[in-house]
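Subject: Structure handover

Hello,

Here is the structure I promised to pass on. Please open it next to this email.

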Amino acid sequence: MDAIDVQRAVRGFGTDESDLIKVLCNRSKDQLARISTQYKSKYGLTLLEAVESECGGDFKTFLM
């Protein structure tokens, strides 16, 4: 479900920063690794690649 939430946050015009923060900042490293695996299988990108392509500046640095 988290992989779907990340996709919803980054798709289309603009990025829903609050939804990204809810997922990426409230999960353990192990959980994020599993989410990234699921995200890649569904959407062809890892979480890091999605953040790099959709975010910029200090917000991108914060999430990375």
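Below is what was found in it.

This is a predicted model: local features need pLDDT of at least 70, side-chain atom pairs count only at pLDDT 80 or more, and totals for chains, interfaces and linings use all residues. Residues are numbered from 1 along each chain as its sequence is written, and side-chain values use heavy atoms, with hydrogens and water left out.

Start with helix α1, residues 2-10. Helices here are DSSP runs of H or I, at least four residues, numbered from the N terminus. D2, A3, V6, Q7, A9 and V10 are buried in α1. Buried means under 20% relative accessible area, exposed over 50%, and partly exposed in between, with a 1.4 Å probe and protein chains only. These residues sit on the same side of α1, because they cover an arc of only 160° around the axis. The arc is that of the directions from the helix axis to the C-beta atoms. Their cover includes α2 (17-24), α3 and α4 (47-54). Just after α1, G12 has a positive phi of about 75°.

Next, Y39. Leaving out residues up to four places away in sequence, Y39 touches A3, V6, Q7, V10, G44, L45, T46, L47 and A50. Contact means heavy atoms within 4.5 Å.

Last, Q31. Q31 belongs to helix α3, residues 29-43. Q31 counts as partly exposed because its relative accessibility is 33%. A polar atom of the Q31 side chain lies 2.8 Å from the backbone nitrogen of S28. From Q31 to G14 is 17 residues in sequence and 26 Å in space, C-alpha to C-alpha.

Best wishes

Note on methods
Helix = DSSP H or I, 4+ residues; strand = E, 2+ residues; numbered from the N terminus. Polar contact = N/O pair within 3.5 Å; in protein donor to acceptor, adjacent residues only side chain to side chain.
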